[in-house]
Amino acid sequence: MNINEPKKAAILYFLSSSDDEDEDVIEFIFNTHLKNIKPKISNYIIDVVHNYSDQQFKNHFRIERTTAYFIIDKFEESKFFPKEIPYTITVCSPETHILSYLWFSANKCCLRDVSERFGVGLTTQYRINNRVMDFLIDICSTYINFNEGFEKLAHEFQKISGIPGVIGCIDGTSIPIRTPAHKIKSTYTNRHDTPSITLQGVCDYKKRFVDVFTGAPGKIHDSRVFALSDLSKMLSIKCGKKFHLIGDGAYSLREWLLIPYKDYGRLTDTQRYFNKRFCATRVLIENSFGLLKSRFRQLLQLDIHSVDKITKFIVSSCVLHNLCIDMNDHIIPEDVNEDDLSVVEEPDNIMDSEMILKRNGERKREAIQNGLQFM
């Protein structure tokens, strides 16, 4: 612990060199400053973090040292790192910015714990987190995009279990939160009576997110969340008749979004075989969510009050998830309690256009099923 020795020495020097007539000023300074100096941990990064082994570093920060310092270098070069702040003596280093944010993201701890560990004020740590999240949101389009060729995606997905034309797996997961400020709890509670935000994700064959959408309350069904997302409006154009996403029974069947056959006890052998191969591919999105929550444990119970900050943190975590995969920084998934298994149900209001879209999807699914060979 360090009680800010330079400030203490300066005040003691002032006390010793003052005249008797300045006693009131001296007393004021002593009572309002010296007695209120808060002890802080000093040089935590230099004395502790720099002495971690590579394995210890990854155990604490959930990413490898090389990945962390790659992010630090990019952050330092960005417009979000404050090179100069008026009326301040020092600026927190980019290393402090990124490592403190990673510690907060990777561990179940509060902001006060992080600020004390890294020797900064609580308000300073709050600003640090905001800067880093803004930085990660700014580079989001570089790491989360659908730019890779669909032919390659379909080829790699087909290697997994033989389903042709797949360019991504889609699903939603619940991120438990505290009820946001100035919001009604019942608006955000899911079917488990837990306030939550839904994260809709689409992953590729490497378990990278190629599209994310979040901010919808956990009360909203996955199919409705999909309808609210920009992806639903552009997917039919991007996929055409050749490509498609695959999802679970929570979604409506389309040519560009396939779901498994619903088992009412009358499935044929080929339909059951199709479902088996289908689920062997679709499980990748569940794996992606598991890796995300295992690496960034704040997502197990996110203690942020602003919906805007909640969504920024979730998307920032997805950016870091992809960045780690790109750098071959892998992590062993831990057991994560998933409370967001999708309910298999059909939308209530089915119109003629809905029936046509569904019928087209059924034809495409049947054609794929007939093309699969028993292995």
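Helix H15 (307-326) lies across S1, S2 and S3, running at about 165 degrees to S3. Axes here are lines fitted to C-alpha atoms, for helices over the stretch in contact, with angles from 0 to 180 degrees between N-to-C directions; contact means heavy atoms within 4.5 Å. Helices (H or I, at least four residues) and strands (E, at least two) are DSSP runs, numbered from the N terminus. This is a predicted model, in which local features need pLDDT of at least 70 and side-chain atom pairs count only at pLDDT 80 or more, while totals for chains, interfaces and linings use all residues. Residues are numbered from 1 along each chain as its sequence is written, and side-chain values use heavy atoms, leaving out hydrogens and water.

User: In what order do the strands of the sheet stand, and which are the edge strands?

Analyst: Two strands pair if DSSP finds at least two bridges between them. Here an open sheet of 5 strands has the order S3-S2-S1-S4-S5, with mixed pairing. S3 and S5 (257-258) are the edge strands, each pairing on one side only. Helix H14 (residues 269-295) packs on this sheet, touching S1, S2, S3, S4 and S5, and its direction makes about 40 degrees with that of S1.

User: Which pairs of strands run parallel or antiparallel?

Analyst: S2 (residues 196-203) and S3 run antiparallel, joined by 7 bridges; Ile-197 has Pro-217 in S3 as its bridge partner. By contrast, S1 (residues 166-176) and S4 (residues 244-246) pair in the parallel sense over 3 bridges, and Cys-169 has Ile-246 in S4 as its bridge partner.

User: How many residues of S3 are buried?

Analyst: Buried means under 20% relative accessible area, exposed over 50%, and partly exposed in between (1.4 Å probe, protein chains only). In strand S3 (residues 209-217), 7 of the 9 residues are buried.

User: What is found in the turn between S2 and S3?

Analyst: The two strands form a hairpin with 5 residues between them, and Lys-207 in the turn has a positive phi of about 70 degrees. Lys-207 is partly exposed, because its relative accessible area is 27%.

User: Why do the buried residues of H5 line one face?

Analyst: In H5, Thr-67, Ala-68, Ile-71, Ile-72 and Phe-75 are buried. Seen down the helix axis, these buried residues fall within an arc of 140 degrees, so they line one face of H5; the arc is that of the directions from the helix axis to the C-beta atoms. The face turned away from the buried side carries the exposed residues Thr-66 and Glu-77. Among the elements covering the buried residues are helix H4 (54-61) and helix H8 (122-138).
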